[in-house]
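The following report concerns a predicted model. Its sections take up helix packing, domain arrangement, ligand surroundings and backbone geometry in turn.

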Amino acid sequence: MISDSIAAIATAVGEAGIAVIRVSGPDSIVEVEPIFKSRIKLTEAESHTVHYGHIIDPRSGEEIEEVLVTVMKGPRSFTTENVVEISSHGGVIAVTRVMKLLLQQQIRLAEPGEFTKRAYLNGRIDLSQAEAVIDLIRSKSDRAFGIALKQVKGDLSSKITAQRHTLVETMAHIEVNIDYPEHDVESLTSTFIKDKCSEVMEQITNLLKTAEEGKILREGITTAIVGRPNVGKSSLLNTLAHDNKAIVTDIPGTTRDVIEQFITINNIPLKLLDTAGIRETLDVVEKIGVERSRDAVNEADLILLVLDASQPLHMDELELMEQIRGRQSIVIMNKMDLPSMIDIDVIKRYFAPESIVSMSVKTQEGIDALEESISRLFFSGQLESNDLTYVSNVRHIALLNKAKQSLQDAYDAAEQLIPIDMIQIDVRLAWEQLGEIIGDTAGDSLLDQIFSQFCLGK
Ligand SMILES: Nc1nc2c(ncn2[C@@H]2O[C@H](COP(=O)(O)OP(=O)(O)OP(=O)(O)O)[C@@H](O)[C@H]2O)c(=O)[nH]1
Ligand SMILES: [Mg+2]
């Protein structure tokens, strides 16, 4: 059982109105009491109440900080332990002074994620819920946040638990057949096993379908803006980002390096990459830039190919179109405010009409159409509804795939009328793999790895 208390600064360090220090442990209230001077004794305070007072140095009685202290008694707290939260003035000095005194009590500095780890070890949340807490903190869009929040509440856990329940039933059924072979109805059992395996596999497949979109929502779609020099790539980045992040000039070869900017379009997060214009060049620096542009094209989930519609197509552009044909891409014919010189029929040979957008960054015409095409590419209408459980964590995805494979093996074995005690092994394996998602069968090293991703104080 956990017996020591831990403390950490729970708010971001820096200049701010207030800062919160969190202390958790069975004896945390008793341990904070000697350094808190107030009208009330902390040990006598009711749970979930806030108290005004001062943090004092217990030896000299000197007042160190003016604070509000919140008491939350277990099990009704984040960690299920007794928790004390001290709100001090913001800023590094105030917080450090309070922390120093806490650490002179029986309290030690928390490791990153240790509060959440305790919530897990004390059985308040399971592993997938703990991991969702990280997603919650890191989420970059409303939707990603919504998905993480559902997972914190145990949405994924309850689905996994239901499937494991079906597998336990199946295993029990097989067990009876192993123990009482006189009841043997081999063919019935094999049909039963196949039915159950298919049922669970189908559920897993449905969860995996959401995985790709879940990942996108969490990490953003890597979107490379590419094209010849001077076509308006950096102007497009600035427009989509509502910011003047990239330098724009009428000199071809302005952008030399990849510029990254995180944006959201209709709540879809994109990691936009503005790249150096692609052309043959003798300039050493530009050459490296062009290589980086080509890398960006290879790594992107989505490619925005920008063309200058006031110019005829260039050889380099034909080559680029050839290269990205078949990838998720949108062709942008920019500078439509100028007389058109581009041959759209050639472009149509490479791309479907709905992925060709004509626009002018200068007049802002066509920006809406571009945003529309991007959303259309990534979300089919039904997914707009928020009642899907998304799987977005790579660890969960890998385990779901493994469990599905184990069930397929069990299914195939049942089909071939292989002895049922052999089939039992595969069903059990699937049950364990699903269990690893919620932490039912997780080892220490896995726990350390997961919780080390957290920030301090969470
Ligand atoms: N007329 C017109 N000019 C534009 C439009 N979009 C961009 N420009 C101009 O085209 C020039 C080049 O724009 P940039 O955004 O720097 O082009 P780029 O593709 O990033 O160029 P490199 O970084 O050199 O590869 C600038 O003078 C822009 O003002 C447009 O829609 N219409
Ligand atoms: Mg540029």
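## Packing of α6 and α14

Helix α6, residues 155-179, and helix α14, residues 420-438, have axes that come within 9 Å of each other and cross at roughly 160 degrees. Because an angle over 145 degrees counts as roughly antiparallel, α6 is described as roughly antiparallel to α14. The crossing of the two helices, α6 and α14, is left-handed.

On the α6 side, the contact includes Ile160, Leu167, Val168, Met171, Ile174 and Ile178, together with Arg164 and Gln163. Among the residues that α14 contributes are Ile420, Ile423, Val427, Trp431, Leu434 and Ile438, as well as Asp421 and Arg428. Taken by class, the contact of α6 with α14 consists of 14 nonpolar, seven polar and three charged residues.

## Domain arrangement

The domain assignment of the protein chain lists domain 1 (5-110), domain 2 (130-216 + 393-451) and domain 3 (220-384). Between domain 2 and domain 3, the C-alpha centres lie 42 Å apart.

The contact between these two domains involves seven residues of domain 2 and eight residues of domain 3. On the side of domain 2 that touches domain 3, α5 (142-152) and α7 (186-219) each supply at least two residues. Helix α5 gives the most to that side, with three residues. By class, the residues on the domain 2 side comprise two nonpolar, one polar and four charged.

Which residues come nearest to ligand 1? Of the 24 residues around the ligand, these are Gly232, Ser234, Ser235, Thr255 and Gly277. Helix α8, residues 233-241, provides the largest share of the shell, three residues.

The shell around ligand 1 is made up of seven nonpolar, 12 polar and five charged residues.

## Backbone geometry in two loops

Glycine 74 and proline 75 are joined by a cis peptide bond, with omega at about 5 degrees. Proline 75 belongs to the loop between β5 (63-72) and β6 (83-89).

Asparagine 230 adopts a positive phi of about 70 degrees, although this residue is not a glycine. Asparagine 230 is placed in the loop between β8 (221-227) and α8, and α8 is the helix that gives the largest share of the shell around ligand 1.

Note on methods
Residues are numbered from 1 along each chain as its sequence is written. Chains are lettered from A and ligands numbered from 1 in the order in which they are written. This is a predicted model: local features need pLDDT of at least 70, side-chain atom pairs count only at pLDDT 80 or more; totals for chains, interfaces and linings use all residues. A residue is near a molecule or strand if its C-beta atom, placed from the backbone, lies within 6 Å of it. Helices (H or I, at least four residues) and strands (E, at least two) are DSSP runs, numbered from the N terminus. Ala, Val, Leu, Ile, Met, Phe, Trp, Tyr, Cys and Pro count as nonpolar, Asp, Glu, Lys and Arg as charged, and the others, Gly among them, as polar. Axes are lines fitted to C-alpha atoms, for helices over the stretch in contact, and angles run from 0 to 180 degrees between N-to-C directions. Angles under 35 degrees count as roughly parallel, over 145 as roughly antiparallel, 65 to 115 as roughly perpendicular and the rest as oblique. A crossing is left-handed if the near helix is turned anticlockwise from the far one by less than a right angle, and right-handed if clockwise. Domain bounds come from an automatic or database domain assignment.
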